[in-house]
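Here is a short note on the salt bridges and helices of this model. Please read it with the structure open.

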Amino acid sequence: MRLLRCTPVALCVALLVGTAASAAPERPTYALILANNTGLEPKQAPLRYADDDGARYYELFSSHTKETVLLSVLDAETQALHPGLAARTRPPTRPALKEALGRLNALMSEDRKRGDSPVLYFVFTGHGKRGAAGEGAVALLDGAFTRTDLYAQVIAPSSASFIHLIVDACDSYYFVNSRGALPVAPAQVQAVQGLLATRELTRYPHVGAVLSTTREQESHEWSAIRSGVFSHQVLSALSGAADVNADGRVEYSELQAFIAAANQGVDDVRGRLEVSIQPPAQDRSAALVDLGDRARLGFLLLPAGLEGRLWVEDSRGLRVAELNKERERTVVLGLPPGYGYFLRASGREAAFKFPRASAVVDAGGLSWRDNAVASRGAVEDAFRDRLFSMPFGPRFYSGYMASLGQTPVAPEQEPDLSP
């Protein structure tokens with residue numbers, strides 16, 4: 001999929017239509033989302049918004065995928081915000097996970113027989129913990145799901161051509177990666193080293209990982225947005241806010257730079273994210289999301305000239321995307337149709353809605369008014385004032401990639417919303 005050049009914007013009536021060569025294999029996508037508020041131990045206080053994040057991931061991915069599965073127990077408030085979703089969920093337990101993996105793998109096997117290259121998103125949001133032996137685990141309703149389980153039950157037997165792991169949990173780095181060997185007796189070293197080799201991403205070059213922490217660190221929730229801070233940033237990025245070169249695709253490097261910019265101004269170390277983002281070694285430019293790949297979305301065009309910290313709230317009061325926009329940059333956000341929306345900035349707002357899927361709304365033509373909605377909830381100053389305080393765009397991205405010594409995405413394009 002590519003965005004084709006088109007000016008003026010007023011002539012653009014459809015968005016992001018796939019233009020891949022017919023010889024290229026199809027990439028049908030699937031998503032398996034686990035969201036659990038409860039912890040592994042009685043002393044772990046329940047989370048408030050892991051289920052909300054799971055519901056938001058479900059809404060985003062169900063607009064892109066052939067099938068999306070959500071394993072969660074939605075609390076009463078989340079069910080009220082997402083009517084009918086609870087009937088499509090199952091509890092996040094081992095049997096439910098096994099059944100969902102079996103069904104998705106069967107579908108992906110059929111895709112591969114047709115010559116397609118299926119893609120799987122595996123998302124977890126909830127509690128995590130690093131055990132005494134150094135192995136990370138996340139909390140399901142019926143117990144721990146360990147790094148060994150992840151590789152043995154999800155990654156190794158998967159029929160997917162590519163897997164994108166997204167984990168928002170405490171100690172999430174250790175759920176996917178290990179540092180050193182487990183403490184064992186000398187006679188067991190060889191066996192343990194062989195086991196560890198099967199539990200490293202280097203053995204699976206088709207797998208990429210987006211992890212909320214690189215060390216033993218808590219994940220943070222923010223009551224003003226009913227979300228974990230990391231998941232909110234990832235969801236904003238995958239809505240198109242991180243698409244720095246306007247090609248309709250969000251690559252791992254774009255997501256990484258977007259999150260770095262979003263957290264640049266957070267001075268309090270307790271609220272600063274230290275994430276781990278590893279693209280698939282097989283294709284480091286693999287897209288985490290392609291907004292034009294048969295996506296059932298509406299599209300909000302944020303034109304050049306509009307700048308600063310912006311966010312989109314829907315008619316339910318949920319903040320569904322947020323960014324700090326460079327003035328010269330043009331951004332396209334893909335959002336689920338069916339809701340009314342408000343584009344908000346400090347002290348002002350503009351209402352809009354999509355009449356249908358694939359409809360385009362140009363923010364340059366919206367009518368702004370003074371913000372009539374006061375902030376809700378007790379918001380920490382570090383999050384309210386400092387998150388998204390750094391403008392994100394080509395200037396920040398190119399400097400960030402240079403500082404890492406990494407290859408950037410293809411040069412910036414002029415977004416084209418033509419059919």
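**Notes on salt bridges and burial**

1. Glu 349 and Arg 369 form a salt bridge, with their closest N and O atoms 3.0 Å apart. A salt bridge here is a side-chain nitrogen of Lys or Arg within 4 Å of a carboxyl oxygen of Asp or Glu. Glu 349 lies in strand β20 (residues 348-353) and Arg 369 in strand β22 (residues 369-370), so the pair ties together parts 20 residues apart in sequence. Glu 349 is buried at 1% relative accessibility. Arg 369 is partly exposed at 45%.

2. This is a predicted model: local features need pLDDT of at least 70, side-chain atom pairs count only at pLDDT 80 or more, and totals for chains, interfaces and linings use all residues. Residues are numbered from 1 along each chain as its sequence is written, and side-chain values use heavy atoms, leaving out hydrogens and water.

3. Buried means under 20% relative accessible area, exposed over 50%, partly exposed in between (1.4 Å probe, protein chains only). Helices (H or I, at least four residues) and strands (E, at least two) are DSSP runs, numbered from the N terminus.

4. Asp 149 and Arg 94 meet in a salt bridge, 2.6 Å from N to O. Asp 149 is in helix α4 and Arg 94 in helix α3, so this pair joins parts 55 residues apart in sequence. Asp 149 is buried at 13%. Arg 94 is partly exposed at 29%.

5. The salt-bridge count comes to 20. Lys 66, Asp 111, Arg 114 and Asp 116 are linked in a network of them.

6. Eleven of the eleven residues of helix α8 (residues 252-262) are buried, so the helix is largely enclosed by the rest of the structure.
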